[in-house]
Amino acid sequence: MNITMIGTGYVGLVTGTCFAEFGHMVTCVDKVEEKITKLKEGVIPIYEPGLDTLVKKNISEGRLCFTTDITQAVPKADAVFIAVGTPSSRRGDGYADLTYIYDAAREVAAHLEGYTVVVDKSTVPVGTARQVSRIIAETNPKAEFDVASNPEFLREGAAISDFMRPDRVVIGIETERAEEILREIYMPLYLRDTPIVSTTIETAELAKYAANAFLAVKISFINEIANVCEAVGANVTDIAKAIGMDGRIGSKFLHPGPGYGGSCFPKDTLALMRIVQEHGENVRVVEAAVEVNAAQKARMVKKIREMVGGSVAGKTIAVLGLTFKPETDDMRDAPAATILPALLEKGARIKAHDPQGMEEARAYLPAGIEYQENAYQAAAEADCVVLMTEWNQYRALDLERIKTSMKAAVFVDLRNVYDPVRMKSLGFNYTGVGNR
Ligand code: UDX
């Protein structure tokens with residue numbers, strides 16, 4: 001199949017590259033000249049394990065190419081995937097900004113030749129594919145096309161394996177012709193027994209929001225249970241294990257922490273709330289999850305304050321991990337971007353380290369944070385270590401070395417990486433989340 005991918009952001013780049021790896025001929029288009037020049041040389045603008053190798057391999061094997069020229073890329077395509085950004089709108093009202101999607105639809109429309117399936121890959125509100133269809137028909141009344149929705153469920157840091165071994169592929173289609181093309185594109189997965197769920201277009205669009213909202217609810221739920229554990233002296237890790245063994249509940253996404261972040265959960269929960277309101281309905285459970293998430297970040301500030309004796313003013317806090325999760329350099333809606341400014345404002349000195357995210361972090365965090373070369377440098381002379389993101393390299397720290405280099409042996413483990421009993425026996429004043 002000939003596939004054109006519009007947009008080489010996170011989703012477009014991973015999806016395009018993986019389609020090439022399946023054996024399809026893929027052209028990725030982006031307006032940013034510099035990005036395309038670099039991609040042609042195999043230089044990847046984001047940190048995603050395994051992606052650089054796969055991009056280089058597929059370029060050299062002739063299945064993957066990059067261009068800024070949409071006029072060349074679209075006519076030959078059997079399917080055009082739209083994977084441009086849908087940021088939260090500038091009005092700050094939670095609506096997704098669809099300008100880039102509609103601009104892409106207009107540009108694609110002008111160059112369609114022969115039957116083509118135009119697929120929404122970006123996460124978009126219900127009804128967007130219909131709008132895209134209308135725009136294409138208006139721009140190019142002769143175009144022979146169908147629109148489809150094919151939401152992605154990739155996790156940053158595990159995107160390649162999520163793409164190659166997904167739990168399912170969802171395709172929202174209206175015609176058999178479009179379904180045939182999408183099934184052909186995903187044939188390599190189908191042969192590996194991946195279920196392909198065919199639905200209406202609106203169902204596929206909503207399925208993505210429902211999945212992300214459910215996972216956000218699950219995290220907020222366990223975060224609240226963690227807070228209850230702190231109040232009653234119970235242990236949330238054991239509770240997560242005990243309830244997670246119930247197949248109806250499942251053990252994943254039951255890790256308490258400083259609140260969920262990233263490019264999806266915060267944005268998609270708000271967008272879902274807006275979509276639902278527009279239809280005069282409610283998603284109160286999701287609204288509560290969003291509220292709980294904001295409260296959880298504030299609670300972490302309070303927790304750190306209490307652990308250093310009631311005030312962070314003049315205290316040195318060592319923060320390990322800044323990104324919203326490990327194995328990414330993404331700082332979008334990272335809990336650190338709320339927690340650290342609050343600590344700074346209250347007079348704390350912050351020494352921070354992150355294995356991949358420090359460059360990105362400078363754009364998201366206020367000036368005044370002192371970036372360090374490693375965890376040990378961050379901890380030296382600190383009044384408190386805060387483990388913010390559970391990078392593997394923080395899982396086996398030389399705790400004796402950390403403790404002796406600190407001013408006071410206080411350890412706030414916001415990801416419950418360490419065993420509270422062991423930490424206390426090592427002489428730390430330790431706390432986790434729901435795990436004292
Ligand atoms: C998510 C979805 O998992 C993915 O299917 C979708 O396509 C995009 O959004 P991602 O944002 O990459 O993926 O990260 P994910 O691993 O889901 O984590 C999101 C946030 O939740 C992180 O901040 C993470 O630390 C937090 N989290 C996750 C928890 O606090 N506890 C958990 O148990 C799981």
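A polar contact is a pair of N or O atoms within 3.5 Å; within protein, one must be able to donate a hydrogen and the other to accept it, and residues adjacent in sequence count only if both atoms are side-chain atoms.

With that noted, I looked across the interface of domain 1 and domain 2 and found 5 residue pairs in polar contact, both at pLDDT 80 or more. A reminder to myself: this is a predicted model, where local features need pLDDT of at least 70, side-chain atom pairs count only at pLDDT 80 or more, and totals for chains, interfaces and linings use all residues. Residues are numbered from 1 along each chain as its sequence is written, and side-chain values use heavy atoms, with hydrogens and water left out.

Next, the layout. I have domain 1 at 2-199 and domain 2 at 213-431, with bounds from an automatic or database domain assignment. Their centres, taken over C-alpha atoms, are 33 Å apart.

Then the interface. I see 15 residues of domain 1 in contact (heavy atoms within 4.5 Å) with 16 residues of domain 2. I looked up one salt bridge (a side-chain nitrogen of Lys or Arg within 4 Å of a carboxyl oxygen of Asp or Glu): Glu156 pairs with Arg332, the closest N and O atoms being 3.7 Å apart.

Last, the ligand. I find 18 residues around the ligand (a heavy atom within 4 Å), and Glu156 turns up again among the nearest, along with Leu154, His255, Lys325 and Arg415. Oxygen atoms of the ligand lie 2.9 Å from a polar backbone atom of Phe153, 3.0 Å from one of Gly261 and 2.9 Å from one of Phe324.
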